[in-house]
Amino acid sequence: MSSINLINTLAQPLRFSAKFVNHNEQASGLSTSRFIQDTSTCLLPKAVFARSKADLAENTFLELSESGLVYFAPILVGNAAKNIYTRNLSSGTKKLVTESASKLIEQNNAIAKRVLPVKAAIALSALLIPLTEFTLNYIKNIMTLNVFKKGDFNNIANLENKQEDKQTQNRVRQNAHKNIKTAAGIFGLSTLVSVMLAARGASKSKAVQNISEAILAPGTKFFKDNEKTKNFFNKYFSIDYASENGKLVLSKGQLTSCVVIGGAGYFGAAKDRGKQNFLETLFRYPVVGFYVITGSELFEKGFKKLLQRAGKFRETIGKNLEVPSFKELENIAQRLANAKSITVEKEFSRLAKQKVLISGVPYIFSIGVMGFFVSGISNLFTKYRFTKEQSKKY
């Protein structure tokens, strides 16, 4: 009996939870699971705490467009760029595009040096994602002006209801258009660099190799003698794609670039609409940005360590905190069931509960803390600051 059939023998709601966890494990890279996780964490609380129709519309637009952009567009853009920039490579060399940049740098041979600039060109094409995210907040400002005729955050957040200032609205609209054009210009420049790198890949230019290595593996390039720092920078500051089964998928570094570049758009668009919008963003974005990059990993790692120290879930938490997939869990259940002289289904149910709890508890905790708590407190602080500021005027 396969693991998916064993999952179907579970009672509800364990069956639903197990299928959800199993689906996340089988999804390509981080995309599907993180789309569901981050959208539910960010959008649901904001919808609950929406302060006006404009506020609800803005948050719905941002969360859905950002999640779709960040978690699905990189794969589409990466595959398109890969098809374009690998046209002149042999079939055997093309396969190396999905290899780790650090490994290629260590090999330091002619083939590796040919592939690195092409990988860098593909990675640079992915800057379309964070640059588009940068523009989303300005597009949101234009949308609110056009649909709700509002450009003042105090009116949007229902802090007060005053006559909109036309000059303020014009400034918000003009700044939005200017920043959207700036982002388009930067992407045009990055595309030009991509084309140049791919075209010069066959040369022996040291400058091309240095630029490619810095883009793909900044840790290996600049911190080769410090293993911990090297791994940290390669993980969070490389805009290279991750690879899974020969396919280009979303990487941690690409997530970081989205948070950093997208954050500039968040703060800039917020500043255009007033002090309270900027201060609310300043309070919320660092926390949410950190969560987007790390997900519930920190919560899950801490939870597994607590269970491990307590001697719990020994069959489902390994020495290095690794957790078996449902496919592996089937074999473990078969072995333990034979030893205990019980049915495989019963043993699988026990192990499935453990696995779901290991993933589910940190996930639910992160939704509660990162979602409802941060959104609720953020809104309360904004209202408190505004009320305090108004009281000083009188």
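Helices (H or I, at least four residues) and strands (E, at least two) are DSSP runs, numbered from the N terminus. The model is predicted: local features need pLDDT of at least 70, side-chain atom pairs count only at pLDDT 80 or more, and totals for chains, interfaces and linings use all residues. Residues are numbered from 1 along each chain as its sequence is written, and side-chain values use heavy atoms, with hydrogens and water left out.

**View 1. Helix α14 beside helix α15.** Two packed helices are described by the angle between their axes and the distance between the axes. Here helix α14 covers residues 252–272 and helix α15 covers residues 275–294. Their axes come within 10 Å and cross at roughly 175 degrees. That makes α14 roughly antiparallel to α15. Axes are lines fitted to C-alpha atoms, for helices over the stretch in contact, and angles run from 0 to 180 degrees between N-to-C directions. Angles under 35 degrees count as roughly parallel, over 145 as roughly antiparallel, 65 to 115 as roughly perpendicular and the rest as oblique.

**View 2. The contact of α14 with α15.** Contact means heavy atoms within 4.5 Å. On the α14 side, the residues include L255, V259, Y266 and F267. Among their counterparts in α15 are F278, L282, Y285 and I293. The contact residues divide into 12 nonpolar, seven polar and two charged. Ala, Val, Leu, Ile, Met, Phe, Trp, Tyr, Cys and Pro count as nonpolar, Asp, Glu, Lys and Arg as charged, and the others, Gly among them, as polar.

**View 3. The salt bridge of D240 with K119.** A salt bridge is a side-chain nitrogen of Lys or Arg within 4 Å of a carboxyl oxygen of Asp or Glu. The whole structure holds 15 of them. In this one, the closest N and O atoms are 3.1 Å apart. D240 sits in the loop between α13 (227–236) and β1 (242–244), while K119 belongs to helix α7 (residues 110–125). The pair links distant parts of the chain, 121 residues apart. D240 is buried at 9% relative accessible area, and K119 is buried at 3%. Buried means under 20% relative accessible area, exposed over 50%, partly exposed in between (1.4 Å probe, protein chains only).

**View 4. The salt bridge of K275 with E389.** The closest N and O atoms are 2.9 Å apart. K275 lies in helix α15 and E389 in helix α18 (residues 344–391), 114 residues apart. K275 is exposed, at 52% relative accessibility. E389 is partly exposed, at 25%.

View 5. The closest N and O atoms of R350 and E315 are 3.2 Å apart. R350 is in helix α18, and E315 is in the loop between α16 (297–309) and α17 (326–340). R350 is partly exposed at 28%, as is E315 at 30%. Salt bridges with shared partners also join R51, D55, E280 and R284 into one network.

View 6. A cis peptide bond joins Q12 and P13, with omega about 0 degrees. P13 is in the loop between α1 (3–8) and α2 (14–26). K149, not a glycine, has a positive phi of about 60 degrees. Its loop runs between α8 (128–148) and α9 (153–156). N158 is also a residue other than glycine with a positive phi, near 60 degrees. N158 is found in the loop between α9 and α10 (166–200). K149 is exposed at 54% relative accessibility, and N158 is exposed at 54%.
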